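Good morning, and thank you for coming. I would like to take a few minutes to go through one structure with you, beginning with a single residue and ending with the contact between chains.

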2 protein chains.
Amino acid sequence: MSSLIQSVKGTRDFYPEELAARRWLYKAIRSVSESFGYQEYEGPYLESIELYAAKSGDELVKEQSFVFPDRGGNLIALRPELTPTLARMVAQKQRQLVYPVRWWSFGPFWRYERPQKGRAREFFQWNIDLFGIESPEADAEIVAIAAGLFKKVGLTPDQVKILVNSRRLVSAELSALGIASEKQAEISRWIDRRAKMNTYAWEAYASELGLEAKQIIQIKEFLQNYDTWKKSDDLSRFFAGIEAFGCRDYVDFDPNIVRGLDYYTGIVFEAIETDGEIRRSILGGGRYDNLLADVGGQPLPGVGFAMGDMVFSLVLEKHKLLPNFGNRPPAPILVTVFDESLLHASISLAAELRSHGFDILNYPESEKLSKQLKFADRMGIKIAIFLGPDELAKNLITIKVLSTGQQYSLTREHAAEALHKQLAGLPPS
Amino acid sequence: MSSLIQSVKGTRDFYPEELAARRWLYKAIRSVSESFGYQEYEGPYLESIELYAAKSGDELVKEQSFVFPDRGGNLIALRPELTPTLARMVAQKQRQLVYPVRWWSFGPFWRYERPQKGRAREFFQWNIDLFGIESPEADAEIVAIAAGLFKKVGLTPDQVKILVNSRRLVSAELSALGIASEKQAEISRWIDRRAKMNTYAWEAYASELGLEAKQIIQIKEFLQNYDTWKKSDDLSRFFAGIEAFGCRDYVDFDPNIVRGLDYYTGIVFEAIETDGEIRRSILGGGRYDNLLADVGGQPLPGVGFAMGDMVFSLVLEKHKLLPNFGNRPPAPILVTVFDESLLHASISLAAELRSHGFDILNYPESEKLSKQLKFADRMGIKIAIFLGPDELAKNLITIKVLSTGQQYSLTREHAAEALHKQLAGLPPS
């Protein structure tokens, strides 16, 4: 026997059980997104490398993206994120769209990173964005949607938190410390590195960037002060908005949040698991008011976030909030086969029942009844239907409820009605 | 203004209206697949090139696939089709799975072809397959599912047909004409080219392949005889099965169908639009009993088909069977904003109504009421809610039904009940 051909490292196979889990997440995301009146959209999975060149940050494009020349020699990227695509799509129809534009999406993305728990090279991401409104209430709406998903799946404010900061606030603080604005992006990246470096190395790095000892101390003070948001009108209105959306308990100010992407201009936020066991953030986003112009459109304010499926699933698993998809029957009803001579009659019966709206499995061949019932049991099927020569002669079918063993015959004309009642009375799987 | 960054040739942007159309198709596919008890699964979008090397046919892999080396130097393909992935996945869990395995999937694929009407480089495909049963009834089940989708979306047997042939029958015919089995694959490809070549070139090509004039005449006779299936026990049983599934009117024998993929071993079929205006096939499939072993598994019979979204959509459009997704409201209800001072009160009201299960749009800022109502109208919203200072003082809200102009106030406690009734009484969008 030849050896099995392997799947590509960092990709996942979605067997029915795993697909059901992904679909469950997709449905929860849809439900929350639609409850706020957002419309589903989707971009292409391939984009020209230029689209990311401007603003996605060097690390994401140059080091973490799958990039390749197509057969015509153009450099193509497997999209590593959606926001630039979204900006391109909005820019293309900028005059026709009705504002505010509120859109959401759920689809695949690719990053060439080392696969580990909670990280794959091919993963799924929820993106949700609002265009055309610059207010702190628009920011609050986007954050409230994130909180809305947490609430919907049963995650409590003790288990997850959305940490919010403002790039404008950080910039004002840095300016007040005498740091020139052209230097601030670099300093922000340094702040972003803090959790990943030891204190000594982190401070040494600051000196290399030209920060004075006093400035480092002052920045550290800023990073420890969880009340600075009260100085900011925007953040004060943002938190009042969050109160109005009814999710203040899920949201905190955190001056340490800066986010890696270069296009953010206002609030930035991340959701984390509070006890810190799962160290990667659950979702991240912010306001980006210049991106439309960067991809060639007219200026238009935007705010949104992205949430990957993998870290979120780890958090759900940890808190036992993922339903068990292991034994969901593919259909509730199995039509069995009495013998070879009645195979086509069984197929006809199943077709007839399908036309009444039932999902029906045909046992596909003549086989011992015990084997057919064992199959039904392993698939979690609720009802088996028998059609033997006696039944056929008398225009009857026999229904067996597998959980109870209850069994009865009835005329074929009454089958649909009986099955509807029978299924309605059984516990859901 | 800088110029807009362009999307990649042969990809599509799915704005909400187009996404809604794709989702409508996905739902119809889900409904039909589930009615036969098939389970949804999905493979990775990236696969190693080896997976296709054996059996997908040279043209598909070498000429039409996006293939690139990853950062580690391995050759990766953007999947051009799903069957090899499916075979790999089944082979990996061959001992644990319960047979028959009945699975379906709907996802993206890529082929580097010249984009044209009904063809893109990035497209979606429905795949549905049955493993573990070798009978003509299993073949019939798969074909019946294809007919089931046609019926569900309203395509009649006059408009579309599923044309079926058998590779075994073709092989027997060719053998009877003295053509050696090692030559038959080549001859099949020649038969497959017939519709794409003029008669002279096609017959000249046959001579090049070494066919004698008499053999060419005999093959042409075979290709014109629509009754040959009656000589085949398999096809006779297949068509009896199709009768039992209740879809005989959608299915015909056609000796000209051979299909391009090398892995087919038994029946092969294609669905076409009957009047021939849309020349590409709607779907295609067949039986492939050796593929599992080819990817490293144990031998296991399989049968299935794939249907792309693009040709099918052309057919639906032509017959005016696609619903209009242009003016679907993102939510049925808009909460308006009286003025800046009541913005947060309006947000709170919307949050309260969402907690009762409603999908609600917040108008996101203070603005003239006429502008807010114009927005509601453009979005197709059914109900506007007003919350002014009077209403707030008396714990009331005002509901306006936009289609009729009907307007009334009621206490906030009764809002949810009234809205449920109001929405239930309005025509669906």
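**From one residue to the interface**

B:Ala306 is buried, since its relative accessible area is 18% and the cut-off for that term is under 20%. Please bear in mind throughout that this is a predicted model.

Where does B:Ala306 lie? This alanine is part of strand 11 of chain B, which covers residues 302-308. Leaving aside neighbours within four places in sequence, B:Ala306 is in contact with B:Gln125, B:Trp126, B:Asn127, B:Leu283 and B:Gly284. For one of these, B:Asn127, the separation in sequence is 179 residues, yet the two C-alpha atoms are 4.4 Å apart in space.

I turn next to a sheet in chain B. Five strands form an open sheet in the order 13-12-14-15-16, and the pairing is mixed. At its edges are strand 13 (360-362) and strand 16 (407-411) of chain B, each of which pairs on one side only. On average, and with direction ignored, neighbouring strands of this sheet are turned by 25 degrees against each other. As an example of the pairing, consider strand 12 (residues 333-335) and strand 14 (residues 383-386) of chain B: they run in the parallel sense and share three bridges. Within strand 14 of chain B, B:Ile383 is the residue opposite B:Ile333.

Let us move to chain A and helix 13, residues 343-354. Its twelve residues, at 1.5 Å a residue, should span 16 Å, and the end C-alpha atoms are 17 Å apart, which agrees.

Finally, the interface. How many residues of each chain take part in the contact? The count is 96 residues of chain A in contact with 96 residues of chain B. The size of an interface is often given as the accessible area lost when the parts come together. Here, chain A and chain B bury about 8,400 Å² between them, with 60% of it on carbon and sulfur atoms. In chain A, the residues that lose the most area to chain B are A:Ile5, A:Tyr15 and A:Arg71, which together account for 9% of what that side buries.

Four salt bridges are found across the interface of chain A and chain B. I also show the salt bridge joining the side chains of B:Glu340 and A:Arg237, at 3.8 Å from N to O.

Terms used. Residues numbered from 1 in each chain as written. Chains lettered and ligands numbered in written order. Predicted model: local features only at pLDDT ≥ 70, side-chain atom pairs only at ≥ 80, totals over all residues. Heavy atoms only, no water. Pairing = 2+ DSSP bridges. Helix = DSSP H or I, 4+ residues; strand = E, 2+ residues; numbered from the N terminus. Axes fitted to C-alpha atoms, helices over the stretch in contact; angles between N-to-C directions. Expected span 1.5 Å × (residues − 1). Contact = heavy atoms within 4.5 Å. Buried area = accessible area lost by both parts, 1.4 Å probe. Buried < 20%, exposed > 50% of the residue type's maximum accessible area, 1.4 Å probe, protein only.
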